[in-house]
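Trainee: I would like to go through this model term by term and ask what stands behind each label.

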Amino acid sequence: MTVHTLTIDGRDVAAPDGSSILAAARESGIPIPTLCHLDGLGDVGACRVCLVEVDSHVNPAARPQPACMTAVREGMVVVTVGQRLSELRRTVVEMLFAERNHVCAVCVADNHCELQDRAVDVGMRHVDLPSVEPLLDVDASHPLFAIDHNRCIMCTRCVRVCDEVEGAHTWDVAGRGIDARVVTDLGTPWGESTTCTSCGKCVQVCPTGALYEKGRSVGAGAKRRRPFLPYLREHRPAGEP
Amino acid sequence: MSAVRAAPPHHRRTARTAADVRASAHVCLAASCLASGADTVLAALDDEVAGRGLADVEVKRVGCLRLCSAGPLVEVAQSGQLFEHVTAGDLGGVIDALSQVRPDRPRQVSTRPFFTRQRPLVTENFGRVDPESLDDYVAADGYRALRQAITSMTPAQVLGEVTSSGLRGRGGGGYPTGLKWATVAKATAPDGVKYLICNADEGDPGAFMDRSVLESDPHRVLEGMAIAAYAVGANSGFVYCRAEYPLAVSRLRTAIRVARRAGYLGTRVCDSTFAFDVEVRLGAGAFVCGEETALIASIRGGRGTPRPRPPYPAASGLAGRPTLINNVETFAGVPWIIRHGGGAYAAIGTPRSTGTKVFALAGRVRHTGLVEVPMGLTLREIVFDIGGGVPDGRAFKAVQTGGPSGGCLPADHLDMVVDYESLKEAGSIMGSGGMIIMDDTSCMVDVAKYFMDFCRDESCGACVPCRVGTTQLWMLLDRITRGTAERADLDQVERLSSTVAAGSLCGLGQTAPNPVFSTLRYFRQEYLAHIDEGICPAGVCSISEAHA
Amino acid sequence: MTRLGRRPEALIEVLHAAQEAFGFLTRDALADIAEALQLPLSRVYGVATFYSHFTLEPQGRHICVVCTGTACYISGAARLLDAIEADLTVRPGQTTADGLLSLLTARCIGSCSLAPTAVVDGELHGTLTAPALLSRLTALQP
């Protein structure tokens, strides 16, 4: 197994061939914020929160790359901080808040939400960008779970876990662009799904309050991280359980 | 729903040898002329010739005769006379010209700059061959390059010619073709399988070069693909063609069928041990599928969602195998390069942008249609000498190249040279070849909004900057065109444009802000007029009374 | 589907054929296709709703596609659409109340020299004025 040496923020890091920059960084305790990434699921590089500068000393005009999907190379020079990256990450999180209707005060995930956490991480305090304000609904037809599309950030973790881990592929993405939505089966109500196994994995992996368990009040709303899914881990900053 | 009917099948090509024919009327049956009634003209001309018993006159269906704005077009091949706006009821001029053809009468060379300034290379068969006739193609030196490559050149030698030609990707990226081929040639797949894809998803609004090539000379594209496959070691090819081009698709399918029967495709290409076959795959209306990784996803029957690159398709593409993806025009240039040598191609154009480029000239210009010119002409030469300038007494305002990924260049840039580097420096890109001329009836803020609307609509939706950013940019541009924007909104436009350009996952998002960047660079005063004074200088935007 | 080999990769080709046959894609058709190609329902739905060419809505007896490519746009495509809305009360993506006409837009059909253009029931018409297009549309038979 080949091991590569690269530098991340000036520090020498060793990582096995095939590792992503994200994995190498986390092994070395260097934090890189993420949203659509979840250990145990295939990556898509879609949220753009984990963008890092790669070899910008060679090509200053190069665009930043997603750390979750960029494989390490021998001698690679990675920078995870800096004004351009801060600006990009802050704008991306701001875009997400402006894209749909996020009202934290009435959300089951308030204070247990990865979107909120990322806003804190990247220093996003208020939203200046134009609000899209789409008309979106809640599908509460399933006996155990519900989805509020107003809170969805289209990270596609639900799609990926249902396809890759449960194998049911109940969820997928329909439509295109700003009109894209996650859907069950033929865009039919979740409660009528003929493929859903009610395993609840999608609810577990959802970073916001979009997918939630019914019957919980806002106060008791923290999603329980069930112990039988140890192979799916959300990254927590050092010091938190 | 199909956009255009395919050509009617009833055209009778009377079997004659070339010796029997004294005069030929070539009728253009590419989509534009067809839409103007060229099929009726063809049928009427057939009847007229038969009715008069003109046994030595041939009426032939051909591909694009270039001057699309003057269609239906009929050319008398031997004399070179071109008849414009021909109708079924008025064929007198054509019949007279046909009767006057004599073997000793020299072919009249057009003196019109629209034709004389062109350098047909990719389009050299346009108007000469019947796109549905393999015999015509072969008679015009067709498949000679393929035979030459397979029987007397090694793949490395073929690669060498393409590299020395300096050919660059004609789909818009301008990536050195030889380098791309070399990457695929060197790449190894576990089972040795490599693929070849021809990108015929011409999605730039205002571009019809690839459509014209596929409708007028489909065999040329197949020949180029087969030569490329030989050079890189691929045995399986696809043409991914947009569904909005049913005529191109049908001509391509016919060409594949006859080429297979004649042994130019299949298990023994030109009687050799080299095998190569081609399949057509249809798009279904998604501009993003012109992006290589989205195209691959679509060929696999999925949503056209791009993936981050690296890895590049040349190393890991369709089904994880090394895949060569080139544009229609790129492949169509290959047979000429093999026949004449890479050096001859490199001698045309400029040192860094060699050869010719096919442009689709459209918009506010006298002569619209298909134009193939050497790289290195100035914009002025193309727009005014070839295009004939702006009609109706209006003033030239801007020329737009590169579609939604490109930019608008103003009058003071007319003397710049058209090549990859110059266009990039000026804030536009070469793009696939769509060149739209705008006059003073266009508002440049409205134009920027138009292109942003396009990108917003066509965004696949996977990544945040493009999905949300193009929507927000459109909202802000809309505010500006309504006269309800403030300076702070312009600052937001600039901030968002940077984020979308730097943060997007694929080329669609990365280049979506280009029309905004270029119009802010050259037409900033128009933005400010809308914002500060509430007026649209071009008189296009309806600015509400309350904010005027 | 038999001709295309029932491979999952043939999904787009199969959807084209289904829409060609029935005029639009019904949920039942999508379910049948999913079954035949052994694909998840949501995957088929996701593909059918990604591409502009496919529609899940029944179409009118006649279809008019107005091109909104760059050349057509600067030559007045928006005016054509405004005139159709004013006269026939239908906007792009909609069908008239009597089910006679569906109005669609296309991002470029590649006949820019004839701008502005529209395709009515598969036939392309160029250098259109609003009155010319409207007279063609009002002449359409139920």
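Mentor: Start with the contact between two chains, which takes 13 residues from chain C and 15 residues from chain A, where contact means heavy atoms within 4.5 Å. This is a predicted model: local features need pLDDT of at least 70 and side-chain atom pairs count only at pLDDT 80 or more, while totals for chains, interfaces and linings use all residues. Residues are numbered from 1 along each chain as its sequence is written, chains are lettered from A and ligands numbered from 1 in the order in which they are written, and side-chain values use heavy atoms, with hydrogens and water left out.

Trainee: How much area do chain C and chain A bury between them?

Mentor: About 1,100 Å², with 63% of it on carbon and sulfur atoms. Buried area is the accessible area (1.4 Å probe) that two parts lose on being put together, summed over both.

Trainee: How many salt bridges and how many residue pairs in polar contact are there between chain C and chain A?

Mentor: The salt bridge count is zero; that term requires a side-chain nitrogen of Lys or Arg within 4 Å of a carboxyl oxygen of Asp or Glu. Six residue pairs are in polar contact, both residues at pLDDT 80 or more. A polar contact is a pair of N or O atoms within 3.5 Å; within protein, one must be able to donate a hydrogen and the other to accept it, and residues adjacent in sequence count only if both atoms are side-chain atoms.

Trainee: Which elements give two or more residues to the side of chain C that touches chain A?

Mentor: Helix H2 (27-37) and helix H3 (41-48) of chain C. Helices are DSSP runs (H or I, at least four residues), numbered from the N terminus. H3(C) gives the largest share, five residues.

Trainee: Why is B:Ala139 called exposed?

Mentor: Exposed means over 50% relative accessible area, buried under 20%, and partly exposed in between (1.4 Å probe, protein chains only). B:Ala139 has 70% relative accessibility, so B:Ala139 counts as exposed. This residue lies in helix H5 (residues 134-139) of chain B.
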